[in-house]
Structure formats: C-alpha cells, structure tokens
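Dear colleague,

Please find the structure below, handed over for your further work. My findings come after it.

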Amino acid sequence: MTKCREFGGFIWTDDEHAFLRLARDEGWKAALKSVQQEDEPDKIAEASAPNRLGWLTLVDVAPSTCALDIGAGTGGLACQLAEICEVVAIDTSEVDVEFLRIRASQERLANFRAEVADATNLPFEDNYFDLVTMNGVLEWIPIDHPERDPAATQLAALKEVRRVLKQDGRFLLGIENRTYLGYFLGMPEQHVNLKYISLLSRPDADQLSHAIRGVPFLEHTYSQGEAESLLRQAGFERIETYWMYPNYRWPEYMVPLDNRAATLFFVNRMLSPQDFSDGGRLVEYLFYSLTEPSALGAFVGHYGFVCG
Amino acid sequence: MLPRIEAYIREHENKWPVEISRSGRLTPLIRFNKEANADVEREKIGRVILWFDDSSTGPVLVTKIMDASVPLDLIASCALRQQGIDKMAGWPIFPDVYDATLISDKPVVFMEAIDTPSYQLELAKAIFGPAGNIQLLKNIVERQFNEIGALFALLAKTEVSRETEKWGDWAFNVGQQFRDGYGLDEDCVSDGSLKIMAKHIDSLALQRNFVLVDHYCANYFAGPRVVDQMDSSLDRRMSGEPGLLDLFRFIVAYFRTSPIETLYPDWVGAIAASLHDESGRSIYTGPAMRQCLRKLGLNLNRVPEIWALVMVTFFLRAMDERDFYRNSAANLSHIRTAFETSATTLVHLQKSIERGDYQVNEGLGQRVQWPRSLPRAREYGSPVRLKLIAETENYNIVRADEHHLAIVKDLGPINLFEERIGDRELTPCLLIADTLEEVTAKAERMKPLVQLVVESRTYKLLRAGQRFLALVQRLAPWRFFATRRESFK
C-alpha cells in the first residue's frame, strides 16, 4: 500500500538508514533535500513554513499548553508549535518519528517528544491534552488497519482524540472535502489519484480502486455535513468549520463557512481568479457563480474544523 | 489568540465608532501573510482578521496582528500621522485606527473595515475572471491611475517641505548601493549610467514629501483606504527621499507584479512603452499612466528624466526586498537573478531613450498577450457577433464586436462563435485593427500562404509559412465517468 507522493509531509526513501544518517550528520534539512522529488511540494518549506501554525490564531496557546500532534510527519506543525508549548508528536512511521527526534535535537526543542503510536489507540491518559491537531491525517489512518471498515477506524481515532483532550481543550482537524467541485469536473482525487472516486458510493469506490490499484479504497474523506456528523459521533459538541484556502497545509485564508457575509465577502473581495491553477479555471468560474454560501461550502477543497 | 482578541473587542467596542451586534458572536475571516508559506525565518507581516457579526453584510472591524518587533508607540505615532494626512488632504485616505494593544506579547491593531477590493484583485478579475474582457481591463486601468494621480496631486499640496532640493548625488549612491548590495558587475549597472540618471534627477528639483506606500508588501497599493502605514522605516523615508518617488513606487509595483506582469512579462519594457504611447495602440496602460504623470506636473516630453525616476525607484525597491529577504538565502538568490535582468533592461532602455531612438516593442503586446491558460469558462461566454462586411483578394473582412478582423480565406469555413476572437492577432490568418480601413490596409499588404494540415473534431491544424497554428473549432463536451467506463474494460 503506498501513499500519494503529492504529500510532502511524508518521507519517501529507499534507504531509511542512509536518510537518517544524513539527517544526523548534515542536518534535517539536508536529509529532506536529498529525498526531494521534482514533482513534489517543497519538503523543507512544508516542514517549516510559519503558516503551518496559522491554525493557532483560532485558539489560545500558552507555554503551559500541552499539545498532541497526530501524524506529525516531518514536524511542520509539531516542531514549530514546540517553540511555544509542550508538544507530543506521534506517527506510525518509525522513520518519521526518528527524523522528528533528530530535528528536535538539532533545534534544541526542550518541550518536544516524538513517539510511534497508533491514532486509534493513543497511549495517553484521559483529559490529558489542551490541544490536539490532526492535519491531513484522518484519511490515511485506515491504511494502517486495512482489515477494518475505514469509517469505523476513523471514528475510533476521533473518539480517542476526544478521550485524551481536556473538556475545555481544542481539536484542530484538517481534511479534504470529498465533494470538492473540482472532483465533479474530473480532477483526480488527491490521495489516490483517481477521478471521481470520492463521489462514488463507498462500494463502487472500492470496486474502482480494486480494478485500477488492486487495493480497496480506504482513504476516506468527507463532505462538510458528513465530517461534522462524524465529529459529533466522536463526542465533539462545538464545531466551527472553515474553508482553508488554498489548502490546510499552506493556508492563506481561513474562511468561516457558517457566516454568509464572510463567505461572500471572501469570494467577491478577496479570492483572486488568478490563484486557480489551469486545471481549476472552471472551478473558479463556478465559484463566482455560486452565490449561496451553503452551496459553496459543499464544494470547497479543504476544511478546517475547530472542535471542543 | 482569537478568544483574547474577541474579548478585548467586546470590552472596548463602546469606545470605537463601530457598530457591532451585541447579540450573537463575532466570526473571524483570517488572512495570513502569503510570504510565510515560504522558507523564511520569521513572519514580517502578521495576520489580518476581518470580523463579521451575525447581522452584518460586510466586515465590521479589522484586526491586524503585527510582528512582535513593532513597538506600540510606533503604531500610535503612525496612526497619528495618518490622521494628520487625512486632515490635510480633506479626504479619508487611510482606514481609521481605533486602538492598539499587546495580546499574547504581540501588537494587535484594531482598525476600520473597508469594503473595497484591492487594485490587484480588480485587475485579476478583469483579466482572469469569468466576466473579464479587454474593455473592462482598460476601464479599470484608467480608473486606478486616475485615482492615484488625483491622490498624489492632492498630497503634493500638503508637502512637508516646500523647498526643492537636488537629489542627484543621493540617486547615484542609491544605484551604487543596489549594485554593490546584490554583488552585480559594473557591466550590469555602470557608473556612467548612474551618472546620467543622477544628472536627470538633479534637473527635476524635487520636494521632500511624506511617504504613502506600504514598502514591505509584495503588492502595490491596495487602493486608497485599504493600505496603512505601520512601518518603522517611515521617518527615515520621509526625510530621506523625494516624495514624487512614491508615485513611481506605485508604477513600478503595478507593472512588476501580477496580474499586469502576467500580461506584460517584460515589465520594464511595459513602463517604457506606456511612457511613449499616448494613444494606447501598443499597450493599454499608456494613456492612463501618462495622464497620471501629467497630473503630478511631469512634462511627458522629458522622458529621460522620467526614466531616471523609474530607475532609482527600482533600485530602492530592490533594496527593500533585499532587506525583507535578508534571512533567506534561497529567496535572495532568486531575486538577485530577476533584479539583474531588470537592471540590465533598464540601462539598455536608458541608452535608447537618451539617444531619442526608442521604439515601442511591437512584440510587447500590440494587443494584450492574453494569458495562455484562459479559463475554459471564457469559451462558454456570450458568442461574438460577427458580420462579413468586405473582402480583399485573400481575406474576408469581418466586424467582431469592437474589432475589425481580416480572416484569410484559405482557412475555409470556421465556426468562430465558440472562440473569443479578437484577443490575439494570428498573423497571417487573423489580423486585427480598430477600424475597417486599418484592417483592410493590413489585409492588402499580406500575401498569406495558409495550408490546412489536418482537421480534428476540435482543431484545425494549419501551416502558415514557417509557423504552425492550432485553431480551435469548438470545445469537446464534458464526459463524466468516461474514466470509470474505460477503467472497467
């Protein structure tokens, strides 16, 4: 089972030992540069861009905050957050975790700890963390549990988050929208690179994935309503939904989808048609045509949920 | 941080001239600094939050989270200065600043919310948007330059110092600092070239004025009432630069950044063309920019002097960016290359302007070089109205909306309705002019040899001399689920 290479947060290497040795000897940036592919997002920028912490504008973070970053990858969020507060970063990849430890050591992050852990079985006490972040991770969790129903696996992970989060804590979830307008227009789904798959029913999507990839379709994303429903099932009562534009990894805007005026203002006064890539031009045209924010919210690319 | 900011707003809103609904919540729309998605060591500009309440149709308040290095007293003095400028001008140029305080150790400014799009967004919509077209672009360019010209003309009357000064030596030093700062050869920007620039600037006898531009933004003016001036370098700039350069900072930024730069990638050439083109035949920005310069009292016959102002402004801008990116070696290297190219072009054009033999580069865009990646939606737009009105031996003369077109007869029958004809001249198959007489004259001069190579459902492939052209006939219809069908074969 392989993950889509589009996501720079993962470390792809044929020789993990050499990669980690390079990270130790010449620095974590040098190691990331050594595995940088031309068609991938800039791995160093992904791991260090200040806007990775853009989320934190929405919550109060103090030095006394205790935070958990699930699926920390190369530490883009976790390591920067650790400059402000105590952070525990987990990932299922041993390479990623070891890389994080090397990076934390080189950056002298005293408040940072990285562990290999499974999001569906978090090794932490109840009501432990003030802040939990899960950015571009929920859709990948079922890959580590291919024998289970993906939605059930994801719900289990979200319930674990609720369990370890303090009652007044905040959970920040970034995930793509399965009904993104671009998908209707034939843009390949970002995780598996197949057209229309996220729009199909799950059994049909499985069938398509088997036919083309030889594996089931596990990388489930959700529409706004579906995601909010899943979060409620996991025990989150307060949910604020944002359109993370252009995406939750490199955000330039966070647009509140539950405020009509704000969403319209963004589309009419801030969204530049030039920002859309060639493939998304018709998407842009249709966005301008959609004047009803409830309709618009169904078709945006990336969501950010702030839950408590 | 947001909860604390919101709490502060609720505590102090009574003191500010804003109307915020007491019931319901305040909802934030957050804008981040785009630069902070690159590998920079720290954010230079903080975050902007536009606040909406449950009943408002637009933002009710703006909050700016500034960089921690910006002291509160600087913000206060800048706000005061802005008020003073507004009062002198008799016109609200800046958004009102209501308050500034430290929240979570960061300076946070509370300001008036302005419900107008930026100049950059207006242009982007005219060029790339679904309703964009050439006439809209022309109108917007004209309006923007008129506004800026009027604004600067107003501000010039409220100058800090009425006395004029000689700025030649200063300009020469600026040029050298640029060259040395970027480690460029003297071949790129010679002392001789700098002396010529300095001589012309000396001849202009410029005043010190206050400074208007947000120097650290990669964008140019967001338009009056949108930009503010919270900048620690302002005092230095106010006392150390001629005020007229602010207008040229606007001009350089206007052409150097997207979307105008997308239309005219040779931005230096575009400014030169605009300086020379009164009629707008070569470039759409010409008449508007010239009119703007006229408003500021510049003699448009003195192009070498104006070009000197463009040069020194560019050097200043380049040094601003060197300062902005000083902690990022990768970005510095990238901009060095770009600035070296621009400087070389500036000097090259300086020579031809000095000689008086400058010719507008026809390849610059006799018509706008419309972006290659046009939105497909544009091709679904309203059809162009065509009328055959004349013919020559080799061409049909057609009127298409505001254009006259000469279409080579050898092309045979073409369905023109699904293509936005008139945006590009496709010599020798498609000639464009504003009047019937001009396009007929062009057609008379051409002896095209156009061969149809092959024709598909969507394109005619043509050979015209040494060039090959693909002329779209119509768009293919969307085929949903075609992948699915194919993948199950």
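The notes below cover cysteines, a charged patch and backbone geometry.

Please bear in mind that this is a predicted model.

Cysteines. Over all chains, a search of the whole structure finds zero disulfides. Cys79(A), for example, takes part in none, and the nearest cysteine sulfur, belonging to Cys85(A), is 12 Å away. Cys79(A) is buried, its relative accessible area being 0%. In chain B, Cys78(B) also counts as buried, at 1% relative accessibility.

Charged patch. Asp14(A), Asp15(A), Glu16(A) and Glu94(A) form a negative surface patch. Of these residues, Glu94(A) belongs to helix α5 of chain A, which covers residues 94-106, and counts as exposed at 63% relative accessibility.

Cis peptide bonds. Tyr245(A) and Pro246(A) are joined by a cis peptide bond with omega of about -5°; Pro246(A) sits in the loop between β6 (239-245) and β7 (253-256) of chain A. Another cis peptide bond links Ser258(B) to Pro259(B), with omega of about 5°. Pro259(B) is placed in the loop between α8 (245-256) and α9 (260-263) of chain B.

Positive phi. Asn193(A), a residue other than glycine, has a positive phi near 60°. Asn193(A) lies in the loop between α7 (181-184) and α8 (202-213) of chain A and is exposed, at 54% relative accessibility. Asp105(B), not a glycine either, has a positive phi of about 65°. The loop between β4 (97-103) and β5 (106-111) of chain B holds Asp105(B), which is exposed at 69% relative accessibility.

Yours sincerely

Methods:
Residues are numbered from 1 along each chain as its sequence is written. Chains are lettered from A and ligands numbered from 1 in the order in which they are written. This is a predicted model: local features need pLDDT of at least 70, side-chain atom pairs count only at pLDDT 80 or more; totals for chains, interfaces and linings use all residues. Side-chain values use heavy atoms; hydrogens and water are left out. A disulfide is a pair of cysteine sulfur atoms within 2.5 Å. Buried means under 20% relative accessible area, exposed over 50%, partly exposed in between (1.4 Å probe, protein chains only). Patches are made of residues with over 30% relative accessible area and no salt bridge: like charges are joined within 9 Å, nonpolar side chains (Val, Leu, Ile, Met, Phe, Trp, Tyr) within 5 Å. Accessible areas come from the Shrake-Rupley method with a 1.4 Å probe; for residues, only the protein chains shown count as cover. A salt bridge is a side-chain nitrogen of Lys or Arg within 4 Å of a carboxyl oxygen of Asp or Glu. Lys and Arg count as positive and Asp and Glu as negative; His and the chain ends are not counted. The place of a charge is taken as NZ of Lys, CZ of Arg, CG of Asp or CD of Glu. Helices (H or I, at least four residues) and strands (E, at least two) are DSSP runs, numbered from the N terminus.
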